[in-house]
Structure formats: structure tokens, C-alpha cells
Amino acid sequence: MSAASAVFRRELLLAARRPAEWAQPLVFYAIVALLFPLGIEAHDPALKVFAPAIVWVGALLAALLGVERIFRGDLEDGTLEQLLLADAPAPLLVAAKLGAHWLLTALPLVVAAPFLGIALGLEPLAVKVLTLSLLLGTPTLMFTGGFAAALTVGAQRAGILLPILVLPLMTPAVIFGGGAVRAAASGLSFDAPLYFLGALLALTVTLLPFATAGALRNAIE
Amino acid sequence: MWTWFHQLASPPTFYRFADVLAPWLLGLAALLIGVGVYGGLFLAPPDYQQGDAFRIIYVHVPAAALSLSIYTLMAVAGGIALIWRMKLAEVAVVAAAPVGASFTALALLTGMLWGKPTWGAYWVWDARLTSELVLLFLYAGVIGLNQAYADPRAGARACAWLALVGVINVPIVHFSVTWWNSLHQGASILSVDGIRNPKISGDMLWPLLVSLGGFYLFFGAVWLRRMQNEVLWRERNARWAQQTVAA
């Protein structure tokens with residue numbers, strides 16, 4: 001456990017010294033979301049209809065932004081090898097690392113989402129559901145992204161591969177996340193999609209660290 | 001039995017075994033697909049609602065069934081490759097992916113051709129169609145991942161991990177017609193109820209089953225051939241491989 005908390009603190013410390021790393025996704029998110037009103041007419045009522053998708057897809061893209069770097073630096077300076085050699089179970093350390101990464105790059109997105117939702121004309125209830133759905137959904141995005149990053153970190157010609165791997169695996173989160181906000185915006189019950197998001201969260205946070213650790217082992221061999 | 005199985009895992013033995021088996025599979029597949037397609041196109045009566053348009057099922061259903069089976073197979077082979085570090089299982093994963101992607105694309109394409117006259121649209125964002133499209137992207141991911149690695153063994157094992165995680169999509173595709181209100185019709189054959197009292201008339205069903213068998217055999221033949229190629233390439237520095245190529 002102390003090894004996991006050491007990994008967690010190390011990530012936070014590193015990020016504190018490079019604020020650009022966690023600030024960039026946030027700025028990216030705001031710009032993507034605010035480009036849509038510029039793309040269609042500013043007072044178009046359709047904006048409100050598309051707002052759930054815009055806010056969710058924007059968050060997904062912003063979360064993807066830093067994913068490629070999660071393990072890259074650690075592989076290059078040998079930290080990754082030490083993590084996998086350590087006495088503590090590798091999946092736990094991976095989970096701690098991804099958890100720290102979530103705290104740094106995804107939680108700010110969750111905090112920013114209500115402002116973007118209001119700016120895009122969502123009702124207060126829908127904004128609340130939006131924030132909740134992102135709170136449940138972003139760890140799923142982060143852990144899936146971490147898994148894909150682990151798959152590609154050892155590849156010599158990874159290129160644009162990462163988004164191709166991640167996006168199909170992320171579709172359920174977008175379907176249920178956007179679905180919850182859409183249901184809330186049209187006055188329907190939004191419990192079911194939120195429960196699905198919760199189920200996805202439980203599934204990915206518990207199982208994917210094992211696959212991620214396995215893929216990382218494969219990468220350093 | 002087990003010794004034979006273990007011997008089969010060695011690349012030269014597998015290569016010779018596949019060399020014998022593949023032509024038989026291919027011949028039988030050609031026969032079954034021929035009979036199935038002839039039966040489906042000429043002998044089966046037209047559907048009372050869809051007319052002749054329904055006949056695309058003799059290609060669409062086998063392709064769609066294979067798209068799911070092949071991914072499941074890749075996950076199983078991937079599990080074997082990761083747990084027992086079996087070289088041949090790695091080859092099996094990598095060799096199956098492009099074939100699976102082709103069948104997925106074929107299923108989507110034939111479905112679109114059928115959807116236009118029957119539903120009035122080539123594409124709808126329906127649960128079955130969307131999850132099948134996601135399956136195509138998963139295949140694309142496996143193919144891309146394999147090509148991104150310089151070391152074929154590390155690449156194959158990364159593909160195995162992806163196949164294992166992505167297999168979650170297979171039951172979603174299969175049950176999507178039941179779980180969501182789907183425009184796509186439900187399962188006519190592959191369901192508990194469907195086997196006891198088929199929802200499809202006998203003179204339409206038999207060509208479909210024959211064609212289904214033919215497609216599976218065809219996949220088997222293509223898969224073995226692709227595995228042979230992959231094995232030969234990976235073992236290109238071994239003496240048996242050089243002798244095989246020279247012979």
C-alpha cells in the first residue's frame with residue numbers, strides 16, 4: 001500500500017512542477033466546446049440539443065490528450081521497469097498511477113463541465129446530471145486510455161494508433177454518459193444510464209489495471 | 001492425444017499438418033457454399049414480405065456469425081498465448097484478425113445493401129449496427145497494433161491483450177437486438193427458443209445452415225494458410241523453414 005501511495009505522490013509532485021501538463025487538457029476542452037457555437041449559429045436552438053454530445057465528446061478528447069504520455073517518460077527513464085520489479089503488486093501501482101493521472105487531468109474537466117454546460121444552454125438539472133455522469137465516466141476513460149497507452153508504449157511505430165485503440169473501447173461511456181444528460185434534458189428518468197456508467201466504472205477500475213500491467217510487462221521485455 | 005497436441009504446437013509439425021488439412025477444408029467449403037448459395041438463390045421460395053431481397057441472408061448471416069466467432073477465437077487464442085506463452089497461439093491471433101475484419105466489413109456491407117430496399121436506409125444508428133461497427137474498429141486496432149511492433153512476439157502479445165479486453169463487445173453485439181429496441185431483427189437460429197421451434201421455414205433454413213458451415217470451413221482454410229505464412233516468416237532463419245521454401 002505504501003508503494004502505491006508513493007507512486008501516487010510521485011505523480012502529483014511531478015505534475016506540480018509541470019503545470020502545463022494538467023492545464024493543457026482543460027484549455028483544450030474549453031476551446032473544443034466553445035468552437036461548436038461558432039461553427040453553427042450562436043443562437044441556434046439545436047445547440048442545446050447537441051450540448052450533451054459536445055460536452056461528453058469534448059471531455060473524451062481532452063482526456064485522450066495526455067494519455068499517450070502516461071507511461072512514455074517512465075519507460076524512457078527506467079521508472080517503469082522499477083515499478084514492475086517492485087515487491088508491490090503491479091496492478092495496484094498501475095491503478096495508483098492512473099488514479100493520480102485522473103486527479104490531475106480529468107477532475108479539472110469535471111469541474112469545468114458545468115460551466116460549459118450552462119454556456120451551451122443546458123437546464124440546471126441536466127447540468128447536474130452532466131457533472132455526475134462525467135464524475136462517474138472520466139475514470140473509465142482514464143483507465144481505458146491507460147490500457148491503450150500500455151499497449152502502444154513498447155511499439156516502435158505507434159503513430160496515430162492510440163486513438164484507434166481507445167475510441168472503440170470508450171464508446172459505452174459516451175453512449176451512457178451522453179444518454180444520461182439527454183434523458184435529464186428531456187425530463188426523462190436518468191437513473192439507468194448513470195447506473196450503467198457506475199457499472200462500467202467498477203469493471204474498468206478493478207479489471208483493467210491487471211491487463212494494463214500485463215501489457216506493460218510485455219512492453220519492457 | 002496430448003502428446004500429439006503438444007507436437008502440433010511446434011511450428012514445423014503445424015506447418016505440415018496445415019498443409020494437409022487446408023486443401024480439404026477449402027474443397028469442402030467450396031462445395032458447401034456452392035450448394036448453400038444455389039439452394040438459397042434458386043430453390044428457396046421468396047419471402048412473403050421481403051420478396052427476393054431476403055436472399056442476402058445466405059451471405060450476410062454467415063459473415064456476421066463469423067465476425068463474432070473469429071473475435072472470440074482470437075480472445076481464446078490470446079489467453080492461451082499469454083498464459084502458456086505458446087508461439088502458435090500468438091500466430092493464431094495475428095493471422096485471424098485481417099480475416100475477421102474482412103467478414104465484419106462484408107456483414108456490414110451486405111446489411112447495408114439489404115437495408116436500403118427493406119428499411120429504406122443504408123445505415124441507421126441502431127445498437128446492432130453500431131456495435132458491429134465498433135467490432136470492425138477493434139479488428140482494425142489489433143491489425144494496427146501488430147504492425148506497430150518491430151518484434152513480432154511482443155506485437156502478438158499486445159494484440160492478445162487487446163483481443164481479451166475487446167471481447168466484451170462480442171456479447172454486446174450478439175444480444176444488442178434483445179437488450180435494446182433494435183430495428184435489426186432478433187436471432188432466428190442462434191437462440192434457445194429458436195433451436196426448439198425455428199422461426200424460419202425449413203426450405204429457407206437448410207441452405208442457410210449449409211452456407212454457414214461452408215463459410216466456417218472457408219475461414220478455417222484461410223486461417224490455416226495465413227498461419228502457415230506467419231509461421232514461415234517468423235521461423236525464416238530456421239533450417240526447416242528454409243528447406244520448406246526451397247522444396
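**View 1. Confidence in chain A of the predicted model.** Chain A has a mean pLDDT of 88, with 99% of its residues at 70 or more; pLDDT is the predictor's confidence in each residue, on a scale from 0 to 100. Helix α7 (residues 124-153) of chain A has the highest confidence in the chain, with a mean of 93, while helix α2 (residues 19-39) of chain A has the lowest, at 85. Helices here are DSSP runs of H or I with at least four residues, strands are runs of E with at least two, and both are numbered from the N terminus. Because this is a predicted model, local features need pLDDT of at least 70 and side-chain atom pairs count only at pLDDT 80 or more, while totals for chains, interfaces and linings use all residues. To find your way around, note that residues are numbered from 1 along each chain as its sequence is written, and that chains are lettered from A and ligands numbered from 1 in the order in which they are written.

**View 2. The fold of chain A.** You will find nine helices and zero strands in chain A. Its C-alpha atoms fill a box of roughly 55 × 30 × 30 Å along the principal axes.

**View 3. Inside chain A.** Of the 221 residues in chain A, 47% are buried. A residue is buried if 20 or more other C-beta atoms lie within 10 Å of its own, exposed if 12 or fewer, and partly exposed in between, with C-beta atoms placed from the backbone.

**View 4. Where chain A meets chain B.** The contact takes 20 residues from chain A and 19 residues from chain B, two residues being in contact if their C-beta atoms, placed from the backbone, lie within 7 Å. On the side of chain A that touches chain B, the elements giving two or more residues are α7, α8 (161-185) and α9 (191-220) of chain A. The largest share, seven residues, comes from α8(A). The predictor gives the complex an ipTM of 0.87 and a pTM of 0.89.

**View 5. A close look at Arg85(B).** Arg85(B) lies in the loop between α3 (57-84) and α4 (87-118) of chain B. Although not a glycine, Arg85(B) has a positive phi of about 55°. Arg85(B) counts as exposed because it has 11 C-beta neighbours inside 10 Å.
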